Amino acid sequence: MQQLLTTVLTGLTLGVIYAAFALALVLIWRATRIVNFAQAPMAMITTYIALVLIDAGYSYWLGFVAALLSGLVLGAVVERFVVRFVSGKSEVNAVILTLGLFIVLHALAAIIFGSRYRSFPAPFGLRGFQVGDTTIALTGFGVFTILAVGVVMVGLVLLFRGTDLGLRMRASAFNQEVSRLLGVKVGRMLTLGWALAALVGSLSGLLIAGGGLVHPSYMDGVVVYGFVAAVLGGLDSPVGAVVGGVLLGLSLSLVSGYVGSELVPLAALVILMVVLLLKPGGLFASVRERRV
Amino acid sequence: MKRWYAGTALLLAMAVTAAACGAGGRPEGEDAGSTVGITDTTIKIGAHFPLTGVAAPGYSEIPSGHQAYYDYVNANGGVNGRKIEFVVKDDAYNPTNTSQVTNELVLNDEIFAMVSGLGTPTHSAVVDYLNDAKVPDLFVSSGSLQWGDWPKEKPFTFGWQPDYEIEGKIVGDWVKKNMPDAKVGLFLQDDDFGRDGEKGARRYLDDQIVAVAKYTPGNTDVAPQMAQLQAAGVDLVLGFNVPSYTALSQLVSLRIGFKPKWFYSNVGSDPALVGSLLARFSEGAVTDGASMLNGVMTTEYLKGVDAPDDPWMKLWQKVWDEHGADGDLTNYRVYGMSQAYTFVQALQAAGPNPTREGIVEAIEKQGGSFEGPGVAPFRFTGDSHLGMSGMSVVEIQGGVGEDLTPVLVTDLGDAPIKEDDSAAGDEPPSNGIPNVKPAE
Amino acid sequence: MVRRHLLLALGALVVVVLVLENTSQFRNAQFGAMAYYAIAAGGLTVLTGLNGQLSLGHGALMAVGAYTTALMLQSREDSLPLPVILALAIVVTLVVGALVGVAAARLHGPYLAGATLALAVAVPGIPLFFGEWLGGEQGLNVRLPEIPVWLADAAYFVTGQELTQIRFLAYLGWLAAIVVFVLLANLSRSRIGRNWQAVRDDEVAAELAGINLGRARVQAFVVSAGCAGLAGGLLALSARLAAPSGFTLTLSLLLLSAVVLGGLGSLVGALVGAALLTFLPQVVTGAGTDLGLTDVQAAQLAPLIYGLVTVLVVLLAPAGLAGGLRKLINWRRSS
């Protein structure tokens with residue numbers, strides 16, 4: 001029984017992180033119709049920036065904010081100076097571009113920050129809560145994770161649905177030409193979209209790192225899981241990204257606990273294929289698939 | 001049509017001629033490599049180490065120990081007039097990389113011998129190649145049995161440190177005598193390292209072992225393994241793992257409230273290193289990482305930085321002060337220097353004109369009598385290339401290992417465990433450089 | 001066209017012999033590596049360039065070939081002859097490729113990329129789970145059989161030099177590479193190849209023309225999978241090891257960037273890409289240490305350059321180096 005509880009709680013905490021990453025992917029997809037495979041190393045680099053600050057003696061929270069800010073900047077820079085030139089052209093080229101970025105950022109991180117495994121602190125307790133005699137596998141940091149992602153979600157919803165800026169961003173994502181005609185500065189909206197997405201991605205990078213080990217490849221698995229979560233929920237749907245993330249986290253945790261952790265990536269692949277073959281639009285599909 | 005025939009014929013003729021002309025290309029019958037890497041004034045050796053990756057904490061410092069000692073020896077004239085050059089390449093604890101860098105070391109750098117290549121999974125990938133290429137593969141930095149238990153199949157390979165099976169035996173014996181009712185769980189690296197340790201432990205503890213959890217180096221989530229051990233009600237965990245996983249297992253156990261007694265293999269238990277990894281992990285939760293290790297058991301076969309008055313430690317401190325790189329002397333650097341010391345002994349034993357086959361023979365003949373910093377003697381003979389024969393069981397308190405047993409010596413399989421401190425009293429020579437005379 | 005390919009193949013064979021006989025063991029080993037990278041790259045460039053399917057999982061397919069080879073070479077004495085073993089590796093990978101290809105045929109663009117990415121990350125986990133049979137993290141050692149005596153004697157007769165294990169593997173690799181390239185070149189120019197390109201360019205038109213989309217896609221995938229399987233088998237022989245760590249995500253990505261650099265769809269480009277993958281790291285690492293970086297940092301320069309050049313190529317010259325070269329040649333011809 002304890003094992004089940006542990007597994008579910010771990011899955012929930014991880015799932016929320018995958019949800020955040022999936023959300024980042026969905027934001028970018030909706031804006032520019034590109035899957036940003038380079039999101040993982042982007043998040044990894046911002047986490048390293050935080051680590052540098054923390055190692056130099058500054059508080060965790062300063063590092064945290066620095067990571068989020070650098071995420072914003074990095075997302076904006078990448079969109080403005082790299083991705084803009086392939087938007088709207090061949091799909092294959094866009095994917096290859098993000099993969100090229102993946103490799104570049106990876107190598108840069110290894111050169112600048114080193115490839116050693118470094119430990120990343122966690123601001124809240126890492127001891128599980130005591131309930132009577134047993135310890136449940138929810139830590140202070142786990143609670144913080146769930147809360148942080150929740151706050152970000154709510155913030156984004158408020159932004160998109162409640163503000164003028166959000167409206168303009170949604171318009172740019174929906175139909176660039178019309179939005180331009182209506183006076184929306186589409187370019188700037190796209191840049192902003194990428195920046196926000198990168199911020200969310202940075203958050204997930206920080207949350208995964210907390211209390212664990214950081215090295216240039218530590219986010220690589222997450223890009224796969226985030227993608228699967230996004231597809232599961234529907235690449236067009238932010239709500240779907242969150243639901244997909246949590247569902248995926250739970251399923252993978254169950255596989256890890258009861259079957260074996262080595263098969264987790266395979267389980268993710270199976271889930272992905274099942275979704276793509278049965279309901280390609282995802283659980284919350286809003287766009288019908290075009291069949292030939 | 002005809003042009004095609006002519007073209008092909010011409011090409012074929014060119015091919016055959018060119019190939020035949022190749023006969024004059026390189027000198028044939030190159031010496032079976034027996035003096036590769038040696039000149040009159042230098043001898044080049046090499047090794048692969050995890051300078052990056054999950055096994056780098058701790059292990060990446062070992063080469064600096066080697067380098068410091070070789071610099072010391074070179075400054076005092078080298079061995080038989082030859083200075084030792086030590087080339088180190090990073091394999092990131094990844095066997096595929098090990099294969100690649102070993103290829104580079106043997107074919108491109110043309111080393112005389114590989115000395116102290118590190119890692120069980122990594123070195124396994126290249127041991128056959130080194131033996132096929134007849135490159136001496138000396139003093140592997142790992143306790144796997146492979147390096148010494150099959151001298152017929154792997155004549156060029158030698159172990160150095162006590163192997164994991166005898167470590168498992170000695171610990172198992174202590175547990176059986178002192179904790180006969182404890183439920184024992186094993187935390188193993190999922191390769192020969194873990195398997196050899198398990199073999200040794202099961203010799204005495206087979207009926208006490210209730211759970212076995214394995215991890216893959218590279219996957220840093222050990223929560224499932226700890227949960228498994230906790231669910232089985234384990235009182236004592238025997239861990240055969242690398243230092244990062246000592247820290248990880250401690251941290252996860254903290255999180256899930258799992259509080260057994262711990263034992264970690266000597267390759268994963270350096271208190272200073274693990275303490276520093278732990279203290280970093282959690283601001284506030286673990287303020288003093290080293291104290292988390294109080295009560296943890298391990299084994300010891302070399303005196304370390306917690307015994308600065310030991311004559312060997314005084315020598316290592318002197319060598320490090322004179323020739324060491326940045327940073328303090330750590331137990332991993334002591335390990336490296338101790339290995340380097342043994343290599344210098346082997347080189348001396350090989351005589352003034354060493355060859356690859358010659359150094360192998362010299363170790364087989366004389367290695368058993370090398371006096372060095374190890375607390376137990378080597379087992380090198382023609383029939384066994386296994387390294388040190390024993391160690392003592394210690395408990396860590398305040399960063400220092402306190403002896404629970406005297407030096408215990410044994411061998412593989414059924415061999416009994418005996419007390420033997422004949423080698424524990426060996427003192428270093430006054431100038432810090434061994435003086436081994438070649439046989440004959 | 002076929003005759004021209006065969007003539008080129010013969011010329012290539014001559015070059016291979018000359019180069020291998022006159023360079024050091026270390027270079028031989030490098031050339032051997034270039035051969036199997038070229039085979040994998042060739043298969044991938046045909047799949048992505050001609051058929052438009054972007055696969056990030058070819059590293060995983062190489063793993064299938066490598067493990068099949070390793071499993072059959074577990075004992076030195078009674079093992080099948082190498083060509084048979086490699087053929088079996090190809091067949092097994094073909095089957096896996098067919099399965100993946102059928103699933104992938106309905107996907108496109110980023111969905112296909114993501115699915116093959118998941119494949120690349122999932123496959124290395126399988127030998128870990130089945131550690132008993134597949135060696136776990138440590139991997140399976142490959143026991144190379146001795147070179148057949150008649151072959152060693154014949155080689156010595158022709159060249160006057162001993163045939164070492166390394167050189168033998170390099171020859172094997174290049175022979176395979178030449179055969180594969182001739183086959184791929186012929187395939188590209190055949191009707192099947194044209195069908196693949198039609199599917200890539202305009203799905204609707206292709207279907208209207210009577211081409212079965214699914215079948216064409218699966219065909220292309222299977223062919224490229226076979227190439228990857230062969231390359232994986234050769235890799236296992238050269239590294240004497242099949243371990244999960246040899247087939248990371250990075251391998252798949254580097255393979256793709258090599259193909260992009262050379263030029264999608266161009267076999268010459270695949271060769272160029274393979275050469276870069278093999279030789280650039282050493283050159284760049286050497287330059288890096290000269291500039292003052294540590295060994296470990298300098299080792300990262302090669303992937304950095306691949307990534308940068310990939311990004312630049314996509315932005316500026318989508319046809320890659322081979323395409324750029326062709327443009328240059330055409331431009332010189334026309335002016």
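**Entry 1: chain C against chain B**

I started with charges and counted 2 salt bridges between chain C and chain B. My rule for a salt bridge is a side-chain nitrogen of Lys or Arg within 4 Å of a carboxyl oxygen of Asp or Glu. I looked up B:Asp128 and C:Arg143, which form a salt bridge with the closest N and O atoms 2.8 Å apart.

Some housekeeping before I go on. This is a predicted model, where local features need pLDDT of at least 70 and side-chain atom pairs count only at pLDDT 80 or more, while totals for chains, interfaces and linings use all residues. Residues are numbered from 1 along each chain as its sequence is written, chains are lettered from A and ligands numbered from 1 in the order in which they are written, and side-chain values use heavy atoms, with hydrogens and water left out.

Next I ran polar contacts across the interface of chain C and chain B and got 9 residue pairs, both partners at pLDDT 80 or more. The cut-off is a pair of N or O atoms within 3.5 Å; within protein, one must be able to donate a hydrogen and the other to accept it, and residues adjacent in sequence count only if both atoms are side-chain atoms.

Which elements give two or more residues to the side of chain C that touches chain B? I noted helix H1 (2-21), helix H2 (25-51), helix H8 (149-159), helix H9 (165-189) and helix H15 (295-298) of chain C. The largest share, 7 residues, comes from H1(C). Helices here are DSSP runs (H or I, at least four residues), strands are E runs of at least two, and both are numbered from the N terminus.

For contacts, meaning heavy atoms within 4.5 Å, I found 33 residues of chain C against 39 residues of chain B. The two chains bury about 3100 Å² between them, 59% of it on carbon and sulfur atoms.

**Entry 2: chain A against chain C**

Chain A and chain C bury about 3900 Å² between them, 82% of it on carbon and sulfur atoms. How many salt bridges are there between chain A and chain C? I got 0.

**Entry 3: salt bridges inside chains**

Over all chains, the whole structure has 22 salt bridges.

A:Arg84 and A:Glu79 meet at 3.2 Å, N to O. Are these two buried or exposed? A:Glu79 is buried at 0% relative accessible area, while A:Arg84 is partly exposed at 29%. The classes are buried under 20%, exposed over 50%, partly exposed in between (1.4 Å probe, protein chains only).

B:Asp163 and B:Arg379 pair at 2.6 Å, N to O. B:Asp163 sits in the loop between strand S4 (137-138) and helix H6 (164-178) of chain B, and B:Arg379 in the loop between helix H14 (356-366) and strand S10 (390-397), so the pair ties together parts 216 residues apart in sequence. I checked burial too: B:Asp163 is buried, and so is B:Arg379.

B:Glu198 and B:Arg202 form a salt bridge at 3.1 Å. Both lie in helix H7 (192-205) of chain B, 4 residues apart, about one turn of the helix. B:Glu198 is buried at 15%; B:Arg202 is partly exposed at 28%.

**Entry 4: one buried threonine**

Last stop, B:Thr246 in helix H9 (243-256) of chain B. It counts as buried at 1% relative accessibility. Its side chain reaches the backbone oxygen of B:Gly268 at 2.6 Å.

Definitions and conventions: Buried area = accessible area lost by both parts, 1.4 Å probe.
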